[in-house]
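Please view the sequence and the structure before reading on.

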Amino acid sequence: DLPFVTPMQLTGQHLVERCGYIIALYAQDGSTGYGEIAPLPGLHRETPEEAFLQVQYVLDWLTGRTLSHKFAECNGTLEHLLASYTLSPSVRTGVEMALLNLLAVSTGTTLPALLSPHYHETIPLTGLLSGSMESIAHGARQLLDEGYRTLKIKVGRLPVEQEIALVRHVRETVGSSVALRLDANRSWTLQTATSFGEAVANCDIEYIEEPVAQPEHLREFVQRTGIPVALDESLAAGATVPEIDPAYIRAIVLKPAVIGGIERTMDYIRLAQQCGIDAVLSSAFETGVCLSVYACLAAVANERETACGLDTYKHLAEDLLVERFQAIDGRVNTKENWQHSLNLRWELLRPVART
């Protein structure tokens, strides 16, 4: 249970701490692979208690099985192994994470190298901004000083006129050399979204995530405003894989523990590569155990450098890692952060008895 720096208002929930489980898989050679299972209230359907019940059965079933090198391909082998358990998205992610981490450690390599011989050694992060106009403007200047060159503003929470003024103010504050992304979380009708989009069309918006409540209106929003969109909620576990038209979809935002696992995330990465759009890794306020793996996925996701949404680590007062997950000059070293994820702060963990 890790406290947030300040209480978070997320999807109608007032949260003061982040709760979850760490699982460990051991190989006969003494190698260990960790995975994080942390359903977020309001975002995941499964509760932590339900997740714990699921993982007990699958860990018992995995015991004694062979650790296959094919797991690293993330191309159906994990699905074949785990399909019969119908695991919730957060549980599936944690189990696959532990398996892949264990495979990397036992073979003497690193996770990014295991996933691809061609990976970015460092990746840029997107600085997340939310709150009042004053706090967002201050936060934007601070992030620029820290080296960030891509910023994301949460919109769809205030009256639309205020948010138009907010976006314009941030663009004026950061100048033209900084990429600006918006995230509306399906907050608006097509009419409201269009009014907003037309008013900020001259602010050079890279894209806006899910601006309309009905996904079938996304194309029309882009046609009316000229602002590209990114998919996020449309990719949740159980959803039909949407048609990706690069004429109006600029990126897909991938939260592995929401869309249903690491292998499913890699499926979406390959789809994005085929369509010529960006695959943007993002998080649900997990610890460095998760974030280090997500950074590895981001390192192999795009041919060109693409900022990812792992800046959420700043919202946790502490990390489970001895060397906490962090960015330096707005960038994450994928190999070093993954290596740090192998060393946990055990004093922040407590064993949970199986039921």
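The sections below cover the basis of the values, helix packing, nonpolar cores, and individual residues.

## Basis of the values

The structure is a predicted model, in which local features need pLDDT of at least 70, side-chain atom pairs count only at pLDDT 80 or more, and totals for chains, interfaces and linings use all residues. Residues are numbered from 1 along each chain as its sequence is written, and side-chain values use heavy atoms, with hydrogens and water left out.

Helices (H or I, at least four residues) and strands (E, at least two) are DSSP runs, numbered from the N terminus. Contact means heavy atoms within 4.5 Å. A residue is called buried under 20% relative accessible area, exposed over 50%, and partly exposed in between, with a 1.4 Å probe and protein chains only.

## Packing of α5 and α6

Two packed helices are described by the angle between their axes and the distance between the axes. Here, axes are lines fitted to C-alpha atoms, for helices over the stretch in contact, and angles run from 0 to 180 degrees between N-to-C directions. Helix α5 (residues 133–146) and helix α6 (residues 160–174) have axes that come within 10 Å and cross at roughly 25 degrees. That makes α5 roughly parallel to α6, a class for angles under 35 degrees, while over 145 counts as roughly antiparallel, 65 to 115 as roughly perpendicular and the rest as oblique.

The crossing of α5 and α6 is right-handed; this term applies if the near helix is turned clockwise from the far one by less than a right angle, and left-handed if anticlockwise. On the α5 side the contact involves Met133, Ile136, Ala137, Ala140, Arg141 and Leu144, which meet Gln162, Ala165, Leu166, His169, Val170, Thr173 and Val174 in α6. The contact residues comprise 9 nonpolar, 3 polar and 1 charged. In this classification Ala, Val, Leu, Ile, Met, Phe, Trp, Tyr, Cys and Pro are nonpolar, Asp, Glu, Lys and Arg are charged, and the others, Gly among them, are polar.

## Packing of α1 and α3

Helix α1 (residues 48–62) packs on helix α3 (residues 89–106) at an angle of about 35 degrees, with the axes 10 Å apart. The crossing of α1 and α3 is right-handed. From α1, the residues Ala51, Gln54, Val55, Val58 and Leu62 meet Ser90, Val91 and Val95 in α3. The contact of α1 with α3 contains 6 nonpolar, 2 polar and no charged residues.

Ser88 lies in the loop between α2 (77–82) and α3. At 13% relative accessibility, Ser88 is buried. Beyond residues up to four places away in sequence, Ser88 touches Glu46 and Gln54.

## Nonpolar cores

A nonpolar core is a set of buried Ala, Val, Leu, Ile, Met, Phe, Trp, Tyr and Cys residues joined through side-chain atoms within 4.5 Å. The largest one has 115 residues, and Val95, Phe196 and Ile208 have the most contacts inside it. Helix α11 (residues 288–301) supplies the largest share of this core, 12 residues. A second, separate core of 5 residues includes Tyr207, Ala230, Ala251 and Val253.

Leaving out residues up to four places away in sequence, Ile208 touches residues including Val155, Leu182, Trp188, Phe196, Phe221 and Ile227.

## Buried residues

Leu310 lies in the loop between α11 and β13 (331–333) and is buried, with a relative accessible area of 0%. Leu310 and Leu291 are 19 residues apart in sequence, and their C-alpha atoms are 6.6 Å apart. Among the residues that Leu310 touches, not counting those up to four places away in sequence, are Leu125, Leu281, Leu291, Tyr294 and Phe325.

Leu115, in helix α4 (residues 111–115), is buried at a relative accessible area of 14%. Outside four places in sequence, Leu115 is in contact with Ala72, Cys74, Cys296, Leu297 and Val300. Thr32 belongs to strand β4 (residues 32–37) and is buried, with a relative accessible area of 18%. Not counting residues up to four places away in sequence, Thr32 touches Ala24, Leu25, Tyr26, Leu102 and Val105.

## Positive phi angles

Arg186 has phi near 60 degrees, a positive value in a residue other than glycine. Arg186 sits in the loop between β8 (179–183) and α7 (190–200) and is partly exposed, with a relative accessible area of 27%.

Asp204 has phi near 55 degrees, also a positive value in a residue other than glycine. Asp204 is found in the loop between α7 and β9 (205–209) and is exposed, with a relative accessible area of 52%.
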